[in-house]
Amino acid sequence: MLESLDTIKKLALSELQKASDMEALSLWHSTHLGKRSQLIKSLRNLGNMAPKDRPIIGKHANEIRNTLEEAYKERISHLSKVMQSASNKDMSLDVTLPGRPLNRGRLHIATQTLRRIYTIWADMGFQIYRSREVETDELNFELLNIPLHHPARDMWDTFHTNSPGVILRTHTSPGQIHAMRANAPEPIRVILPGMCYRYEQITTRSEIQFNQVEGLAIGTNIRFTDLKGTLSNFARRMFGTSARTRFRASHFPFTEPSAEMDVECFLCSGDGCGVCKNTGWLEILGCGMVHPTVLNNGGYAPSKYTGFAFGMGPERIAMLQYDIDDIRHFWGNDLRFLEQF
Ligand code: DAH
């Protein structure tokens with residue numbers, strides 16, 4: 001019995017030397033030290049032997065098991081060293097290879113458009129005034145001459161919060177009230193940029209969040225001609241010196257009179273194309289003379305002060321400029337879209 005254990009050991013050790021990768025090693029381990037190996041079987045078989053032989057054979061078999069486990073571990077560490085040095089050789093440093101370029105981030109297309117708009121208005125003497133995105137119903141609607149339950153509210157589908165009267169602003173216009181109350185009775189020239197939220201069905205043309213840039217000028221002797229001249233000047237700076245504009249009558253509760261400004265289509269120069277839907281004109285913004293009620297709510301006596309206001313959507317403008325067909329791309333976080341700008 002002792003001799004046959006020695007044969008098992010000799011065979012196992014010689015086969016271990018032949019195992020030259022991790023797969024062969026694991027096969028070796030299950031063959032020679034696994035549950036079904038001869039060695040382990042003979043250890044389990046001790047109970048069937050003559051009681052006087054048991055301690056001698058048991059001891060010997062256990063020694064062999066330990067020797068084999070030791071040898072196995074040594075072989076593993078030897079082989080992994082050999083493999084490591086081989087792979088080091090494969091990966092040796094080639095200093096002549098060009099470096100890997102670092103991925104550089106970029107400004108989001110909406111941010112780029114916003115910054116162009118800021119620069120233009122700054123050049124025309126308008127300051128940036130920021131106001132909050134979580135608003136009250138009072139500021140977002142009532143003080144802008146849109147009373148509770150008035151049908152005009154249908155123009156703005158609203159996200160409400162759990163606190164009564166607290167909503168996400170549906171437009172940047174409540175900033176007008178903030179700016180007026182902070183400055184009355186001083187003259188004002190500000191733009192109010194930022195994110196707005198609407199509870200809308202998301203389509204290629206409408207999103208639940210988007211930026212707006214509101215503008216407000218308050219003073220004495222500000223007239224509709226000032227509005228037209230200033231906004232046409234903006235259009236020339238934004239879309240090119242030959243950009244033509246036209247004003248169409250419109251309605252907003254917070255301005256009177258109200259208008260919408262179109263720019264001659266810069267893709268087809270007015271001939272008609274897909275982007276301007278063959279009209280030759282692109283709608284850019286809403287505007288008007290600040291309503292007397294709104295002036296009053298802001299702390300300016302309408303008998304003395306007048307002003308104009310406007311609101312535009314930078315994503316909409318970028319869509320026109322770059323012929324982007326789906327507003328959902330802006331906040332979809334798809335690099336294939338974002339990296340084009
Ligand atoms: N707040 C309007 C909207 O979201 C846009 C707008 C129109 C703003 C006319 C103005 C304005 O200041 O005078 O649809």
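Visitor: What makes K52 and D53 a salt bridge?

Guide: Their closest N and O atoms are 3.5 Å apart. A salt bridge needs a side-chain nitrogen of Lys or Arg within 4 Å of a carboxyl oxygen of Asp or Glu. So the pair qualifies. This is a predicted model, where local features need pLDDT of at least 70, side-chain atom pairs count only at pLDDT 80 or more, and totals for chains, interfaces and linings use all residues. Residues are numbered from 1 along each chain as its sequence is written, and side-chain values use heavy atoms, leaving out hydrogens and water.

Visitor: Why is K52 called exposed?

Guide: K52 has a relative accessible area of 64%. Exposed means over 50%, buried under 20%, and partly exposed in between (1.4 Å probe, protein chains only). Therefore K52 is exposed. D53 has 28%, so D53 is partly exposed.

Visitor: How do you know that K59 and E63 form a salt bridge?

Guide: Their closest N and O atoms are 3.8 Å apart.

Visitor: What makes D326 buried or exposed?

Guide: D326 has 11% relative accessibility, so D326 counts as buried. Its salt-bridge partner is R328, at 2.8 Å, N to O. R328 has 34%, so R328 counts as partly exposed.

Visitor: How many salt bridges does the structure hold?

Guide: The structure holds 11. Some share partners, joining R246, R248, E260, D262 and E283 into one network.
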